[in-house]
Amino acid sequence: MKTRNNYPYIYFFTEPNVVFVYEIRGDNYLTVSQLSKQGGWETYEITEGFEEFNHEEHSPLEGRGYFIRQDNVNFMVGKINELIRIHRKTSTPIKKNGPVHLVSSDSTAGALKVGLDQPKTVIAFKDLFSIGPLWKLDEKVGQDDRHNWLNENINLEQDDYELENHFTKTVLEIEDIPEDVPIYIWTANNGNEQTGLRFLLHILRNKENEIHVANTTELYKQWIHSNDEKPYSNMLHPDHLRVLFEKSQSAISLTQEERVQLLKEWELLTQSNEILRLWKNGKVTSVPSDYFDEIILETISNLHKKQEAKDFIRTGRVIGETIHKMEEIVGDSYLEYRIRHLIYSGALELKGIPRSMRHYSVKIPD
C-alpha cells in the first residue's frame, strides 16, 4: 500500500485505482479501534497517477464501500501516527501543565485521573509486564516478538492489533514528554509494576526530567495502613492515591546512580528467556513458566474433593480459587494459558472450547 502525506490529510493507494483519504482532526495518537472515531474518511477512484492526485480536485465516492484487511488498517494507523508525530514536533511545542504520571496499568491510570487534582497528565500501558518476552521492547522487532507471543498464547478479548497499537501509542506519548516537567512513575512491589518501572526508565533514558518513583506498597504502609500490604496500585481507591501523591511530592527525585542501576536491571531482564517475572526478595526475578502449575492442580484437586462425584469444573472458578493461594497475582489470562498447557500435556481433561475461561471446564483425569 502506497502513501502520501498532505497534512492534515494522508492518502492510501490500493491497486488498481482506489485512494483512501484520511483527515487528521487532532494531535492524539490512534489505535485501530479509534481510527474511525477521531478523523474522517473519504474514498476516491482515480485515473491519473497517485503522485499527482489531489483530493480537492475530485469528488469522493458515495454509496460504495471497500473492504480493508485488518493488517492494512494496522499499517494505516502506523502511518497516521507518524504524521501526527511529525506535526506535533514541528507545530507549537507540547505544553504540560503540572506533572506527568506514568503507570503500568490502565485501571490505575483511571484512578489517578479521578483522584488527582488538575492539572495533570496520565499516560498508561495496558500491558502486563510480568509475562511475555522483553527482548528489544523499545524497538519494533522486539514489540513484534512480544505481541506474537501474546497472540499465540494469551486469550486477548479485544480487536486485532489493539494491544500492539496501544503499546506503540504509549511509547510515542512518553517520548513526547517535554523536558521541563516532573515525571512520577507509579509502581508497587510486584513483578508487573516493578518491571514496568524499569522499562519506563529505559524509554526515558535520554531525558533529563526530574523523575520520582511513587511506590504505593511502601507509601500505603507508611501513610494509610501499616498492616495492609496493598501490593498493587490498581487496588487503591482514588482518594488513597491522592493522599499518597501529596505525601510523595516532597520526595527527592531519582539520582543518576539510581537510574543507572535500574537501567542495568532492565537490561538483565531483557536477556532472560523466561516469560514469567515475580517480585522476590526485593527484586524482579525471572521464574519458569510452570511456576504456578502445581498450585493450579492442587486447587482443582481440592475442588474435586468438595464434589459428590468427580466432575468438570468451570475454568473461571479454578482461576478464582487459585488466585487466593498465590503469593503474587500475575493475571487471569496467564493462569488460563497455563491451564491450557496442562490440558495439552495430558495433566487435565477438557470439556468445551478453550477460547476463553468462560467457555470450557476441566478436571483431573481418573
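The legends below describe close-up views of a predicted model.

**View 1. The largest nonpolar core of the predicted model, with its 28 residues.** Within this core, the residues that have the most contacts are Val318, Ile339 and Val362. Two or more residues are contributed by each of helix H3 (140-153), strand E9 (276-280), helix H9 (293-305), helix H10 (315-323), helix H11 (332-344) and strand E13 (360-363), and the largest share, 6 residues, comes from H11. In soluble globular proteins, nonpolar side chains tend to be buried together.

**View 2. The surroundings of Val362.** When residues up to four places away in sequence are not counted, Val362 touches Ile300, Asp311, Phe312, Ile313, Thr315, Val318, Ile339, Ile343, Leu348 and Glu349. Two of these partners, Val318 and Ile339, are listed together with Val362 itself as the residues with the most contacts inside the largest nonpolar core. Apart from that core lies another, made up of 27 residues, among them Leu137, Phe167, Leu201 and Leu254.

**View 3. The largest pocket, with a volume of about 690 Å³.** Its lining comprises 29 residues, and those that lie nearest the centre of the pocket are Lys126, Asp127, Leu128, Gly331 and Ser333. At least two lining residues are supplied by each of helix H2 (106-115), helix H5 (191-203) and H11, with H11 giving the most, namely 3 residues. Sorted by class, the lining of this pocket holds 12 nonpolar, 10 polar and 7 charged residues.

**View 4. The second largest pocket, in which about 480 Å³ of space lies.** Of the 18 residues that line this pocket, Gly78, Glu82, Lys140, Gln143 and Thr168 lie nearest its centre. Helix H1 (70-90), H3 and helix H4 (162-175) each supply at least two residues of the lining, and H1 gives the most, with 7 residues. By class, 4 nonpolar, 6 polar and 8 charged residues make up the lining of the second largest pocket.

**View 5. Helix H1, a helix of 21 residues.** From its first C-alpha to its last, H1 reaches 31 Å, which is close to the 30 Å expected at 1.5 Å a residue. The buried residues of H1 are Asn72, Val73, Asn74, Met76, Val77, Ile80, Asn81, Leu83, Ile84 and Arg88. This helix also gives the most residues to the lining of the second largest pocket.

Terms used
Residues are numbered from 1 along each chain as its sequence is written. This is a predicted model: local features need pLDDT of at least 70, side-chain atom pairs count only at pLDDT 80 or more; totals for chains, interfaces and linings use all residues. Side-chain values use heavy atoms; hydrogens and water are left out. A nonpolar core is a set of buried Ala, Val, Leu, Ile, Met, Phe, Trp, Tyr and Cys residues joined through side-chain atoms within 4.5 Å. Buried means under 20% relative accessible area, exposed over 50%, partly exposed in between (1.4 Å probe, protein chains only). Helices (H or I, at least four residues) and strands (E, at least two) are DSSP runs, numbered from the N terminus. Contact means heavy atoms within 4.5 Å. On a 1 Å grid over the protein atoms alone, a cavity is a set of points where a 1.4 Å probe fits but cannot get out, and a pocket is an open set with protein on both sides within 12 Å along at least five of seven lines; lining residues have an atom within 4 Å of a point. Grid points are joined across faces, edges and corners, and a volume is the space filled by probe spheres set on the points. Ala, Val, Leu, Ile, Met, Phe, Trp, Tyr, Cys and Pro count as nonpolar, Asp, Glu, Lys and Arg as charged, and the others, Gly among them, as polar. The expected span of a helix is 1.5 Å times one less than its number of residues.
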